[in-house]
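Biologist: Can you take me through the salt bridges in this one? Here is the entry.
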Amino acid sequence: MSKERAKGTSFETFVVNFLKQFYPFAERRTLHGVNDKGDIAGTDPRLVWECKNQKILNFSTWLHEAETERINAGAEIGIVVAKRRGYGNPS
């Protein structure tokens, strides 16, 4: 696993662990390639979660990605969760 992928996986797991207090069945979603439906499953089916842990913030691209995944999942809302450098708590 590449360093970038490991960093993303770690952040997704961190977010899932936070969300479990609200959504006990939250879990990381497996990749689906071009038909990706977001990074986290087991929450509200109306939601698609896209988690980002990157040095440079690129909200325009990430929001477009979340919108594509929202359509793929047939969900109502796409959410981007971006890690801020120097902050560990996703809340």
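Biologist: What does glutamate 12 form a salt bridge with?
Modeller: Glutamate 12 pairs with arginine 28, and the closest N and O atoms are 2.8 Å apart. A salt bridge here is a side-chain nitrogen of Lys or Arg within 4 Å of a carboxyl oxygen of Asp or Glu. This is a predicted model, where local features need pLDDT of at least 70, side-chain atom pairs count only at pLDDT 80 or more, and totals for chains, interfaces and linings use all residues. Residues are numbered from 1 along each chain as its sequence is written, and side-chain values use heavy atoms, with hydrogens and water left out.

Biologist: Which parts does that pair tie together?
Modeller: Helix H1 (residues 3–19) holds glutamate 12 and strand E1 (residues 27–28) holds arginine 28, so the pair links parts 16 residues apart in sequence. Helices (H or I, at least four residues) and strands (E, at least two) are DSSP runs, numbered from the N terminus.

Biologist: Is glutamate 12 buried or exposed?
Modeller: Buried, at 11% relative accessibility. Arginine 28 is partly exposed at 36%. Buried means under 20% relative accessible area, exposed over 50%, partly exposed in between (1.4 Å probe, protein chains only).

Biologist: Which residues do shared partners join into one network?
Modeller: Glu50, Lys52 and Glu65. Within it, glutamate 50 and lysine 52 meet at 3.2 Å, N to O, and both are buried.

Biologist: How many salt bridges in the whole structure?
Modeller: The search finds 5.
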